[in-house]
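This report covers a ligand site and a chain interface. Please keep the sequence and the structure at hand while reading.

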Amino acid sequence: MTRYLLEALNVSVYYALKRGLLGGAIYDVKALDDVTLRIEEGESLGIVGESGSGKSTLAKCFAGLIKPASGKIMYKGRDIYSLKGEDYREYRRSVQIVFQNPHTSLNPMMRVRDTLKDVLKASGKWGKDGERKLAELMKAVGLREDILNMYPMELSGGQAQRVAIARALAVEPKVLILDEPTSALDVSVQAQILELLKSLKKTYGLTYVFISHDIAVVRYMSDRIVVMHKGKIVEEGPSSDIIENPKHEYTRSLIRDLIKLYAHIEEIST
Amino acid sequence: MKDPMLVVKNLKVSYKLKDRVVRAVRGVSFKLVEGQSLCIVGESGCGKSTLGYAISVSLPPNAVIEEGEILVNGVNILKTDPVTVRGKLVSLIPQDVGAALSPLNTIGEVFADVLGSIGGGRDSSLKVASDILKSLGFSDPQRILKSYPHELSGGMLQRVLIALAISLNPKVIIADEPTSMVDASLRREVVDLINTIRYNYSVTTIIITHDIAIAPSLCDITAVMYAGKIVEIGPSKSLIEKPLHPYTKMLSKSIPRIMKLVELKPIPGLPPDLGSPIKGCPFAPRCPDVVGDLCYNVEPEEYRAGGRSVYCHLYGGASHDTISA
Ligand SMILES: Nc1ncnc2c1ncn2[C@@H]1O[C@H](COP(=O)(O)OP(=O)(O)O)[C@@H](O)[C@H]1O
Ligand SMILES: Nc1ncnc2c1ncn2[C@@H]1O[C@H](COP(=O)(O)OP(=O)(O)O)[C@@H](O)[C@H]1O
Ligand SMILES: [Mg+2]
Ligand SMILES: [Mg+2]
């Protein structure tokens, strides 16, 4: 038995891209280029890189939403595309993904209650104690119970993201893939969500893959950081090493840019 | 002291809805001289964009200016034909750059249109546009002028919108969250660009952002807005380094640092609903430093020191040296 929960082994992904209004030439975008990454149970792995570096594509590969053109995605040491029946369902349940924009990832026509109920039903977790489960979920993500009766449109960005997190938690996953979960939120709501995620990780013993373009946010959330650039992993290591002793020029530029922009807040003593 | 370029005096703006009135800006005053820059920071829903729309005379139809004055270069723009104000005295760079330009026109056509409104012919307009684009770092302005918006990246579009905003030589430029939806690498570029126009065109700028930490790299002065009012205003560096208002302090503690791992202390709860009446200090329900009933009942007045103004009962009766900014 492997100690890795999730692995990407030599994964490449291409997108066919049409250029010009009338079709024109067809180019292939190489979104992931021979990426290998192993995630241990219980760790907080951070993935950082500029927009277009392939972070979301990798996240979707781990979640089984995109099939790589070559390479393998492994769950508990087994190729996810060889899993059958209950094994496959267990994998899909165990690996949940939360996207950047909760307002587009939640069904606008459904009340929060029905969104959560559907997920519980689909995973066979809806029973006599269903209502109690809903109340627990709301409590876990710090929302009042009356929000169960609302539609996503009636929620603020932060509240909607909490609902998206509750939906992911409903099926009792092992891994949460968090793809820029706070990038569309203002900094104070971001802080609330980051603290919520930290406490959920402790409570439920989750494994995190936390993705952001902001290396300060990634550092705050992760024990280990992977830096992506143009579809490749250019550097990885323990968070403090990556920040204090970056080896790759691209990593250095990410850190340098942030320090330059945030010089004054960096210097404040605490 | 130079004459102020922009004066906002006791501005109050509301939105009329079917069943209620949202008081989005509840009495804002400040002055800027030529070339000065102001950051307006605060959480979502505090009235920052509404203030920006009011100053650029681009409020939506359901908004009403209840009270106040806005003077640009001595002109009361609320009593002036908006057509002579927009773009010419004040320009707005909207938050959603993707939606700002029609997909059917080339960038060149947009410039010709805008510059044509002041009587420029097509060729001279394109020449002016090309010069501005060049000054903002486009190496091939001709290609940009021939492009449609969808052919440009987000960063390039932002650059084009900044170029458009300065094309009529306005006195004041307002950018609504220019750094918010762009990724961290592009953010550096946007900040450099805004600073370029500040210095090269000596235009007075207002930058709206929820990110208080970025304020010193963008603006001389920072105003912290909460529930439709300014709660603290002063020189950006000292305001960040020594915040006085508990809200300002807590905003700074919401931001992850890069070099030092510092635990975040999020502000609990949400800003108040501006559709309901507000009594006392609007921040009191979330404030860790409430000084008794006073905060819940009496609206704090302005206390001034060292170029800083703060609206908080903690500083009530404070002399100038107890709040040295
Ligand atoms: N559905 C798609 N069709 C075509 N190209 C895509 C698609 N999704 C992503 N890409 C391209 O693949 C590359 C990686 O994108 P993505 O994984 O979304 O990166 P990130 O999440 O780091 O911004 C980019 O060049 C992007 O433009
Ligand atoms: N067009 C509108 N109609 C009604 N209410 C609005 C409109 N635009 C903004 N508001 C309300 O006005 C308040 C201030 O909003 P806004 O100026 O957008 O704040 P900020 O830019 O700080 O997020 C909020 O309560 C918001 O819901
Ligand atoms: Mg992405
Ligand atoms: Mg706004």
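## Basis

The model is predicted, and side-chain atom pairs are counted only at pLDDT 80 or more. Totals for chains, interfaces and linings use all residues.

## Shell around ligand 1

The shell around ligand 1 is made up of A:Tyr15, A:Val29, A:Ala31, A:Glu50, A:Ser51, A:Gly52, A:Ser53, A:Gly54, A:Lys55, A:Ser56 and A:Thr57. Sorted by class, six of these residues are polar, three are nonpolar and two are charged.

## Polar contacts of ligand 1

Oxygen atoms of the ligand are involved in the following pairs. A:Ser56 takes part through an N or O atom of its side chain, with a distance of 2.8 Å to a ligand 1 oxygen. For A:Thr57, a polar side-chain atom lies 2.5 Å from an oxygen atom of ligand 1.

The accessible area of ligand 1 taken alone is 550 Å², and the protein buries 62% of it. Two elements of chain A, β2 (26-40) and α1 (55-62), each give two or more residues to the shell around ligand 1. The top contributor is α1(A), with three residues.

## Extent of the interface between chains A and B

Contacts between the chains involve 38 residues of chain A and 40 residues of chain B. The buried area between chain A and chain B is about 3700 Å², and carbon and sulfur atoms give 62% of this. Within the area that chain A buries against chain B, A:Leu261, A:His264 and A:Ile265 supply 18%, more than any other three residues.

## Polar pairs and contributing elements

Two salt bridges are counted between chain A and chain B. In a salt bridge between A:Lys260 and B:Asp192, the side chains meet at 3.6 Å, N to O. Polar contact between chain A and chain B comprises 17 residue pairs, with both residues at pLDDT 80 or more.

On the side of chain A that touches chain B, the elements giving two or more residues are α7 (187-204), α8 (215-221), α10 (249-261) and α11 (263-267) of chain A.

Conventions:
Residues numbered from 1 in each chain as written. Chains lettered and ligands numbered in written order. Predicted model: local features only at pLDDT ≥ 70, side-chain atom pairs only at ≥ 80, totals over all residues. Heavy atoms only, no water. Near = heavy atom within 4 Å. Polar contact = N/O pair within 3.5 Å; in protein donor to acceptor, adjacent residues only side chain to side chain. Areas by Shrake-Rupley, 256 points an atom, 1.4 Å probe, with all protein chains shown as cover. Helix = DSSP H or I, 4+ residues; strand = E, 2+ residues; numbered from the N terminus. Nonpolar A, V, L, I, M, F, W, Y, C, P; charged D, E, K, R; others polar. Contact = heavy atoms within 4.5 Å. Buried area = accessible area lost by both parts, 1.4 Å probe. Salt bridge = Lys/Arg side-chain N within 4 Å of Asp/Glu carboxyl O.
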